[in-house]
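Please work through the following exercises with the sequence and the model at hand. Each task is followed by a solution in steps.

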Amino acid sequence: MNKTSIAGKSAIKPQSISPAAVLCYDFDWRETGRPNLLILGLGDDKNAKRKLAMLMKNSERALVRILREVCCEYEIEYQSFSHDWVFRLMKNGESRVVFGYGFPLNSATSAAVCTDKAAASALIAGCGVPCVHHRFFMHPSGHKYTGGHGNWMELAGMLKSERMLVLKPNEGTGGNQIYRVDSLAALENATAQIFSSNRSMAVCRYYDIHSEHRVVLLHGRALVIYEKKLPFVTGDGHSTIAVLVAEKYPTHEGELLAAEQVLARGENVSVGWMHNLGRGAAPKLVDLSSPIAKRLEKLAVDAAAACGVRFASVDIVDVDHESTRQSLVLEINSGVMMEAFAAVSDEFYEIAKDAYRKALLAMW
């Protein structure tokens, strides 16, 4: 391998790859202890592309791998910064930046709205789109900015009215620090836990969710729709749910409502209540031409329009509300994360890649 210098940085040029390949480089290699090998412009050299794919470490994010593959396929030059968290892509003399899971298809304002659960639900509801309403609560140290008079009376009043609440960081992601509470003691503990590391909190009523779907959309059209199926355990006729869950899903032990119930042999029961792929839920694809897909797409597009986003993922739940089954927008994300989805199988990886490819090409 030969070394060449680009803009004063060191890059590596492998001789076994097409000579048309363009080189890229990682400016943070001194921090990681090793330079990243980023090779661009492989054209139709499919064998070279396959070799490069094999070089990818399993620990890398799927989006990083997909970005590199798409750039190679479309001869888009790119640079990697900050341990592959920031990418600058260059095409036809114009550059675009991908930051984490944020694409420059959304404005800074719309991205900020989607990050704020309470703000997003207020905008969505204000446009007449059915959604799960999230109430905003500021950390006590920030009450001077909201003119509030403390949180506790309002929180206690919500619990008395709804009987069960869900508390979460107002700007959190990934299903972390989400609490379901049904008592004042649990409410106090969850509030303290969230405010220990967050400046604000979002609170909503608890719904018994029958199903949850995610819609990934771009420019008002659904690219992918899938249902998030909760993990489950199967009864053996003598073990309690708690025992079965402890054996298969130990991280869900604290989320059980009927822990001491004994399941009949062959009887299935869902585990947990949060439909996060990162917590064991499994994706089930929905045919984009089906009636349910059209209904979900319409709701997701309306929510995205209310928040002003063009590339986003929208979570929609089916719940029993006011004696009827309703579909409600739960959350909207301007950063489209498909890591767990892409890890399911080669088929799902290609579906995620196709969605990201469309978003990348739409940036120019």
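**Exercise 1.** State which residue just after H3 takes a positive phi, and determine how far H3 is covered.

*Solution.* Just after H3, the residue with a positive phi, of about 55°, is Glu75. The model is predicted, with local features needing pLDDT of at least 70, side-chain atom pairs counting only at pLDDT 80 or more, and totals for chains, interfaces and linings using all residues. Residues are numbered from 1 along each chain as its sequence is written, and side-chain values use heavy atoms, with hydrogens and water left out.

Next, consider burial (under 20% relative accessible area, with a 1.4 Å probe and protein chains only).

**Exercise 2.** Describe how H5 and H10 cross, and classify their contact residues.

*Solution.* First, the axes (lines fitted to C-alpha atoms over the stretch in contact, with angles from 0 to 180 degrees between N-to-C directions) of H5 (residues 117-126) and H10 (residues 291-307) come within 8 Å and cross at roughly 110°. H5 is therefore roughly perpendicular to H10 (65 to 115 degrees).

Second, Ala120, Leu123 and Ile124 in H5 meet Ala303, Ala306 and Cys307 in H10, where contact means heavy atoms within 4.5 Å. By class, six residues are nonpolar (Ala, Val, Leu, Ile, Met, Phe, Trp, Tyr, Cys and Pro), and none is polar or charged.

Conventions:
Helix = DSSP H or I, 4+ residues; strand = E, 2+ residues; numbered from the N terminus. Parallel < 35°, antiparallel > 145°, perpendicular 65-115°, else oblique. Buried < 20%, exposed > 50% of the residue type's maximum accessible area, 1.4 Å probe, protein only.
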